[in-house]
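Hi everyone, thanks for coming.

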Amino acid sequence: MPKIGIMQNNMPELPEVETVKNTILPLIKDKTIKKVTVFCNRLIQSDLETFKKEIINKKILNVQRYGKYLFFDLSDDYILIIHLRMEGKFSYNKNPSNARISSTTLIFNLDDNSALSFNDTRKFGLMYLTTKKEIHSLPMMQKLGIEANKVEISDYPSLIKKLKRRKPIKELLLDQSILCGIGNIYADETLYRSKINPLTKGNELKDEQFIEIFKNAKIVLEKAIKLGGSTVHSFSSNGIDGKFQNELLCYGKVNEKCPNCGTRFHKIFLNGRGTTYCPNCQIDYSIKKAIGITGPIGSGKSTILKYLEKKNYLTYSCDELIHSLYLEVYIKNKISKILGFNFDVNNDQNRKEAKELMNNNPLIKEKIENFIYPILEEKLTKIIKENENVAIEVPLLFKAHFEFLFKKIIVIEISNDKQKENLKLRNEKNIDSSLKLNSDYSYLKRDDVYVIFNDSSLEELYSKINQILA
Ligand SMILES: [Zn+2]
């Protein structure tokens, strides 16, 4: 017996409602409603007595969908409007004695002795009986915007006008009076594919970015409709019905790595809705404002930091920040647990042991990085948000995927000979193992990256810095 299942934890969105439509239509088309039993009065939003009376002996001619609404076209020009809301599901039974389960709020008995039940554990679903003549004047219908999978180029100007508001774009995409049919999942997917941060305000977006959103919303919804329709009979209790869940690139993937850049997906709550995004592909320009300095050991990062301090920058060193983090009890305990010994960051021997252990055991290294990077990132984000003119030395800037925090990233390159010379001056003992240069040059393609070869005098270094800051 087909049960038309929809997602359990999220409101069904356009593709899921389309799937419900495609599934129930062949089961109930051209059948006549002989009897109706309403178990939950608040399901019926139009007048209950009229509903009970008028729906009898109406033939179901067609089932249509607009946005997240279903419409039963009935004989005598009646229309039944249905919204599944959070948990509403139809189930069809050939044997009417099986039609009622504990969550059933309504049963239609049909003329072939079958039954269509509406089951709704949370009882948010709604039905509204109206006529073809009256439907367009209903407030709930007037509030519906254009369907997101049907947007044409000619719709762009009016849509852009409506979306240019001082509200986060994610929120605007969920507003059914502008674009209809996009819910949480497809909003996250659309914004990820469009490389737009969910917090960016509508009035800060360029026309090209809106067009990117319209195109991606269409692609995502159409693909979801196609895949959702293919497996509707396999009711899944813990996810999205259909096969589109395999196509999700971003939604529900918090802490997994972005397939495009390798950064961990972040999750924030926007108006109470969980929102997943990649901070590096979907830049929030309100935090991308500090200067980041990176490069191998002994390349001159601290020299540049000191110079910037003189130029009134608020300067931070990540090594020092991490050192202070390791002093916090819960961090110290967690690190000790991963390392397998009691770690005290102020103990030279401890630090040396930890370094060796991490070098010899990539798994331990990864565990520590996965733990400490998000904490460090939170700290850096806070510093950058709360201050202007911040410069931060971040040895592992690219490895930790902190690019999104910096307006300008200064990468210092240095020759091996000069590096050795610098390290000798600093009394660094273990020179050889310190000499691992950054071999990943993919950052060279970024236009926020400035590479400096620190191969001559200090004056020349400062002059290069000044050029970058200008
Ligand atoms: Zn990414």
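Predicted model: local features only at pLDDT ≥ 70, side-chain atom pairs only at ≥ 80, totals over all residues.

**A first look around**

Along the principal axes, the C-alpha atoms fill a box of roughly 95 × 50 × 30 Å. Of the 470 residues, 34% are buried.

Let's turn to the domains. How is the protein divided? There is domain 1 at 14–142, domain 2 at 146–277 and domain 3 at 290–469. The centres of domain 1 and domain 2, taken over C-alpha atoms, are separated by 28 Å. Where these two meet, domain 1 puts in 10 residues and domain 2 puts in 15 residues. On the domain 1 side, helix α1 (residues 14–28) supplies the largest share, with 7 residues. Sorted by class, that side of domain 1 has 3 nonpolar, 4 polar and 3 charged residues.

Now for the inside. In soluble globular proteins, nonpolar side chains tend to be buried together. Here, the largest nonpolar core has 64 residues, and those touching the most other members are Ala 148, Tyr 186, Ala 217 and Leu 221. Helix α7, residues 207–230, is the top contributor to this core, giving 8 residues. And where does this core lie? Both domain 1 and domain 2 give residues to it, so the core lies between them.

Let's zoom in on Tyr 186. Setting aside neighbours within four places in sequence, Tyr 186 is in contact with Glu 13, Ala 217, Val 220, Leu 221 and Ala 224. Apart from this core there is another one, of 27 residues, including Tyr 316, Ile 409, Ile 412 and Ile 465.

One last stop: Lys 59, in the loop between α2 (48–54) and β2 (60–66). Lys 59 has 16 other C-beta atoms within 10 Å, and is partly exposed. Beyond its neighbours within four places in sequence, Lys 59 is in contact with Asp 30, Thr 32, Leu 74 and Ser 75. Lys 59 and Leu 110 are 51 residues apart in sequence, and from C-alpha to C-alpha they are 9.2 Å apart in space.

That's my tour, and I'm happy to go back to any part of it.

Terms used:
Residues numbered from 1 in each chain as written. Buried ≥ 20, exposed ≤ 12 C-beta atoms within 10 Å, placed from the backbone. Core = buried A, V, L, I, M, F, W, Y, C linked by C-beta atoms within 7 Å. Helix = DSSP H or I, 4+ residues; strand = E, 2+ residues; numbered from the N terminus. Domains from an automatic or database assignment. Contact = placed C-beta atoms within 7 Å. Nonpolar A, V, L, I, M, F, W, Y, C, P; charged D, E, K, R; others polar.
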